[in-house]
Amino acid sequence: RPMDTHRIALIPGDGIGNEVTPAACAVLDAIGRRHGVRFEYDTYDWSCARYLTEGAMMPADGLERIRHHDAIFLGAVGDPAVADHVSLWGLLIPIRRGFRQYVNLRPIRLFPGVQGPLKSGTVDLVVVRENVEGEYSEIGGRMNRGFPEEMAVQEAVFTRTGVTRVVDYAFTLARTRRGHVTSATKSNGIVHTLPFWDELVAECAPAYPDVTWDQEHIDALCAKLVLDPGRFDVIVASNLFGDILSDLAAAVAGSIGIAPAANLNPEREFPSMFEPVHGSAPDIAGLGAANPVGAIWTAAIMLNHLGYVEAAADVEDAIATIFAKTSLRTRDLGGTAMTDEFVKAFLDVLG
Ligand code: NAI
Ligand code: MG
């Protein structure tokens with residue numbers, strides 16, 4: 001059959017972003033050959049490195065340049081010489097918001113053969129994080145800088161539209177999994193926004209009679225995620241809660257180096273962005289020792305989004321096979337394997 005071709009905007013970024021992105025592309029190309037898909041990459045140097053020479057993470061018309069790509073794949077951005085809010089608000093947040101990527105999807109699995117920090121238990125869950133509003137709001141300000149009355153105010157913003165669409169996404173996703181949603185809340189302490197969140201979840205739920213659901217306060221939820229992660233299937237959470245939960249869950253599953261993420265515009269009016277959860281890891285950058293599994297699993301989620309469900313499953317199965325059948329482990333998982341060895345193992349498994 002003729003090859004489908006997809007144009008991907010590639011933003012390797014900083015540090016190990018430049019090491020895991022080529023690894024993900026090598027796997028994408030290999031799986032593409034097997035499933036009749038071809039990827040064409042346009043690479044952009046948007047990064048903290050660019051900020052240090054040109055004063056901006058990306059050009060002023062950056063979003064225009066990637067608006068018509070089928071997807072965006074990002075490695076990681078961050079540099080000790082650049083404040084973290086610059087890299088976040090200068091690149092990631094404009095893309096997430098400008099392209100209405102209101103779902104941040106973070107699947108977490110403890111693969112057999114990977115030694116997690118916990119004694120036992122299965123971990124197979126997805127954190128669905130609200131990605132464009134909530135606590136990460138632009139509303140607020142600073143006053144009286146340098147005086148004793150110096151102050152900062154930041155308003156959390158929860159809208160009916162914003163909460164409803166992410167909650168609907170979570171319930172729809174749960175139908176394709178084990179059929180359970182947990183809503184992260186804190187409506188006992190945060191008395192305006194989170195009771196509103198709870199009400200909207202309760203309004204959405206009856207449309208999914210085949211999905212069971214409950215809600216947990218974020219503090220108790222964190223404890224349960226450590227003590228009994230197997231009880232969770234889909235967790236839906238606000239922007240800040242979802243951010244924290246997904247790093248915690250990734251750690252419970254062994255390493256942040258294997259955790260993937262997708263920033264989705266479910267309506268497909270704009271490209272979605274795929275990026276591993278980890279950052280630029282300046283402490284190991286340049287050594288060729290980064291774990292590429294987070295980026296490779298992220299590539300699998302991109303395949304799934306583009307409609308190649310079997311190809312995506314093949315990549316995820318390859319991850320499971322490598323962990324189960326080989327002793328290859330990068331240093332974040334207590335081993336000494338290098339990024340290249342992992343990529344070679346993938347290419348062997350995928351044929
Ligand atoms: P980090 O994820 O870069 O590193 C945390 C620890 O995990 C480090 O010890 C690192 O060596 C290790 N690690 C992370 N990914 C790994 C991998 N694939 N293989 C092996 N080890 C891995 O988080 P950190 O140190 O808090 O942030 C470093 C920089 O990255 C900062 O500038 C931060 O702002 C940025 N960052 C960027 C993100 C993004 O681009 N989406 C996300 C998180 C952080
Ligand atoms: Mg985070």
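Predicted model: local features only at pLDDT ≥ 70, side-chain atom pairs only at ≥ 80, totals over all residues.

Colleague: Ligand first, then. Which residues come nearest to ligand 1?
Modeller: Out of 23 residues around ligand 1, the nearest are G78, G257, H278, G279 and N291.

Colleague: And which helix gives the most to that shell?
Modeller: That's α4, residues 84–98, which supplies three residues.

Colleague: How does the shell around ligand 1 divide by class?
Modeller: Ten of its residues are nonpolar, nine are polar and four are charged.

Colleague: Nice. Switching to helices: at what angle do α7 and α8 cross?
Modeller: Roughly 15°, with the axes of α7 (residues 218–227) and α8 (residues 239–252) coming within 10 Å. Angles under 35 degrees count as roughly parallel, so α7 is roughly parallel to α8.

Colleague: Is that crossing left-handed or right-handed?
Modeller: Right-handed, as α7 passes α8.

Colleague: Which residues make the contact?
Modeller: From α7 there are I218, C222, L225 and V226, and they meet F241, L245, L248, A249 and V252 of α8. This contact has nine nonpolar residues, with no polar and no charged ones.

Colleague: What about α1 and α10, how are they oriented to each other?
Modeller: The axes of α1 (residues 17–35) and α10 (residues 309–325) come within 10 Å and cross at roughly 130°, so the two helices are oblique to each other. α1 passes α10 in a right-handed crossing.

Colleague: And who's in that contact?
Modeller: V27, I31 and H35 on α1, together with E310, A311, D314 and V315 on α10. The α1–α10 contact counts four nonpolar residues, one polar and two charged.

Terms used
Residues numbered from 1 in each chain as written. Chains lettered and ligands numbered in written order. Axes fitted to C-alpha atoms, helices over the stretch in contact; angles between N-to-C directions. Helix = DSSP H or I, 4+ residues; strand = E, 2+ residues; numbered from the N terminus. Parallel < 35°, antiparallel > 145°, perpendicular 65-115°, else oblique. Left-handed = near helix turned anticlockwise from the far one by under 90°. Contact = placed C-beta atoms within 7 Å. Nonpolar A, V, L, I, M, F, W, Y, C, P; charged D, E, K, R; others polar. Near = placed C-beta within 6 Å.
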